[in-house]
Amino acid sequence: YNRLIMKKTLPQANDLNKVIDVMTYIYYHPQSSYEDIATYIGFSKRQAQYYVDACIYLNLVDEEHKPTNICMDIFKNNPANITESVYERIILDDLIGQVFAKAFAFTEYDLDNFAQELVTIYYPEILSTATIERRAHNIVLWCKKIIKSLSLK
């Protein structure tokens, strides 16, 4: 059993700002419990898990709720641009990056459908259509948020 080969849980956290807040909280409070994180961010323990899982997916936090080297580097080398550093991690992700590229290049494209197709390919074990649609939609939300922030620069 190799942890590095283990497939990461596809993000269920829809609010990218809160993903960054959770990463930041864990950076300053390593090994926080889900209860601590839920209390800090103001939502349920289950939602806290979604946000921690998103941080794990992006390799910003590990399974023990400790910041990864990538997270440490972001805070050490680029503290003024933490958000942009996280956006970069998302854009460079194999799956999410493809959705981002489509969203960026083809504004009228059916992104939800495209993201659903990719989720089905990357995560064949997800059998529920509703789950595929929800996870794919989160990816689309993340990409649109990043594109919107880029257009404001």
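1. Let's start with a pair of helices: α1 passes α2 in a right-handed crossing. Keep in mind as you look that this is a predicted model. On the α1 side, the contact is made by Lys18, Asp21, Val22, Tyr25 and Ile26. Helix α2 brings Asp36, Ile37, Tyr40 and Ile41 to it. Sorted by class, that contact has six nonpolar, no polar and three charged residues.

2. How do you describe two packed helices? You give the angle between their axes and the distance between the axes. For α1 and α2 (residues 34–41), the angle is about 125° and the axes are 11 Å apart. The two helices are therefore oblique to each other.

3. Now try α6 and α7, whose axes cross at roughly 160° and come within 10 Å. Angles over 145 degrees count as roughly antiparallel, so that is what α6 is to α7. Here, too, the crossing of α6 past α7 is right-handed.

4. Which residues of α6 meet α7? They are Asp94, Leu95, Gln98, Val99, Lys102 and Ala103. Their partners in α7 are Leu111, Phe114, Ala115, Leu118, Val119 and Tyr122. This contact of α6 with α7 counts nine nonpolar, one polar and two charged residues.

5. Last, have a look at α8, which covers residues 129–151. Its 23 residues, at 1.5 Å a residue, should span 33 Å, and because the end C-alpha atoms are 33 Å apart, the two values agree.

6. Several residues of α8 are buried, among them Ile132, Arg135, Trp142, Cys143 and Ile146.

Technical notes:
Residues numbered from 1 in each chain as written. Predicted model: local features only at pLDDT ≥ 70, side-chain atom pairs only at ≥ 80, totals over all residues. Heavy atoms only, no water. Helix = DSSP H or I, 4+ residues; strand = E, 2+ residues; numbered from the N terminus. Expected span 1.5 Å × (residues − 1). Buried < 20%, exposed > 50% of the residue type's maximum accessible area, 1.4 Å probe, protein only. Axes fitted to C-alpha atoms, helices over the stretch in contact; angles between N-to-C directions. Parallel < 35°, antiparallel > 145°, perpendicular 65-115°, else oblique. Left-handed = near helix turned anticlockwise from the far one by under 90°. Contact = heavy atoms within 4.5 Å. Nonpolar A, V, L, I, M, F, W, Y, C, P; charged D, E, K, R; others polar.
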